[in-house]
Amino acid sequence: MKLDEKVWRSFQISKVFRENTNRINAMDYSSSGELLITSSDDDSIVIYDCEEGKSKRTLLSKKYGVSLIRYTHAPNTVLHSSTKLDDTIRYLSLHDNKYLRYFKGHQKRVVSLCMSPIDDTFISGGLDKSIRVWDLRSPNCAGLMHVTGRPVAAFDNEGLIFAAGIDTEYVKLYDLRSFDRGPFSTFKIPYERGTELTGLSFSPDGRHILVSTSNGVLRVLHAFNGQIIQTFTGIMSERSDKAMHLGSCFSPDSNYVIAGSQDGHLHIWAVDTGNKIAVLEGNHPSPIGCVAFNPKYMMLASSCTNAAFWIPNLEELQVQS
């Protein structure tokens, strides 16, 4: 099935999970698409079976807290940042719920964590105004870069370069093999006082970069020259003066941007035209902080305190055709 306007408008919630008592702060799929994992401000990690549409297991991290959970390339190990005790990044075996390694270095809370798509490298960004490069096989930081503000960072789809959003004003591109020489490209983006960059990701085809901000503005940049291709708004109330982190992502075909809203809806835009093609009723009781499209299956997940699975309504599509 190919994603188009008809398919998008048919998406509906197939399952709602109420496993958490506080906000889900991150979600990530295993590379096979069979599993989804979430971390929450209630210090819990929940693993979901995407094929069967059910929660499989809950793990607790009461001592350290848990945020920014990310699968590694093995389906039974994850990385996560800490929200208590210190700012260590932790490498966890889901098999026996034991930590395999600790990555110490950040002096303030880690706000960005991204696994390389090709190997055991990962990058982190912290409120200590640093970006660090690591390898899962070593507890020692492999590279350190000081920046001028709160950073968000992400690898491109080939794992050779990474982008860093700094100070809400700049997106800088670095070659992973020589990032200590500085960025090879710097893109300036419109700056609005009092806002922060909350997310940054490359499209799966590597052609675009999605940048989200705490005032609900999303921008799609050309990954090669930094040109702003599209600007998307309307996911926050105009009366809202509260900064918030709303989830957003590209579709697997790179043709669409999906974003959660303050009022619990999902908004979908076409990247090429900039048109909003659908607003999906999510029934989320609070703002949608995480959105992720499954890399292998025609399935979408969103979350506030609850997690929801979305799939197309096949009966509706058959009637339409």
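**Close-up views of strands and cores in a predicted model**

**View 1. Ala 292 and Ala 301 are bridge partners, the latter lying in S27.** The model is predicted, so that local features are given at pLDDT of at least 70 and side-chain atom pairs at pLDDT 80 or more, while totals for chains, interfaces and linings use all residues. Residues are numbered from 1 along each chain as its sequence is written, and side-chain values use heavy atoms, with hydrogens and water left out. Strand S26 (residues 290-293) pairs with S27 in the antiparallel sense over 4 bridges, where strands are DSSP runs of E of at least two residues, numbered from the N terminus, and pairing requires at least two DSSP bridges between them. The hairpin formed by S26 and S27 has 6 residues between the strands.

**View 2. Strand S27 (residues 300-303) is covered on both faces.** Leu 300 and Ser 302 on one side, and Ala 301 and Ser 303 on the other, are all buried, that is, under 20% relative accessible area with a 1.4 Å probe and protein chains only. S27 is also joined by 4 bridges to the antiparallel strand S28 (residues 307-312), in which Phe 309 stands opposite Ala 301; 3 residues lie between S27 and S28 in their hairpin.

**View 3. An open antiparallel sheet has its 4 strands in the order S10-S11-S12-S13.** Strands S10 (110-115) and S13 (138-146) stand at the edges, each with a single partner strand, so one side of each has no neighbour in the sheet. From one strand to the next the twist averages 20°, taken between axes that are lines fitted to C-alpha atoms, with angles running from 0 to 180 degrees between N-to-C directions. S10 pairs with strand S11 (residues 121-126) over 5 bridges, and Leu 113 stands opposite Ser 124 in S11.

**View 4. In the largest nonpolar core, of 29 residues, Phe 162, Val 171 and Ile 209 touch the most other members.** Such a core is a set of buried Ala, Val, Leu, Ile, Met, Phe, Trp, Tyr and Cys residues joined through side-chain atoms within 4.5 Å. Strands that each supply at least two residues of this core include S12 (130-135), S16 (170-175) and S19 (208-213), but the largest share, 5 residues, comes from S15.

**View 5. Strand S20 (residues 218-222) and strand S21 (residues 228-232) run antiparallel, joined by 4 bridges.** Val 220 has Gln 230 in S21 as its bridge partner. In the hairpin there are 5 residues between the strands, and Gly 226 in the turn has a positive phi of about 80°.

Definitions and conventions. Buried means under 20% relative accessible area, exposed over 50%, partly exposed in between (1.4 Å probe, protein chains only).
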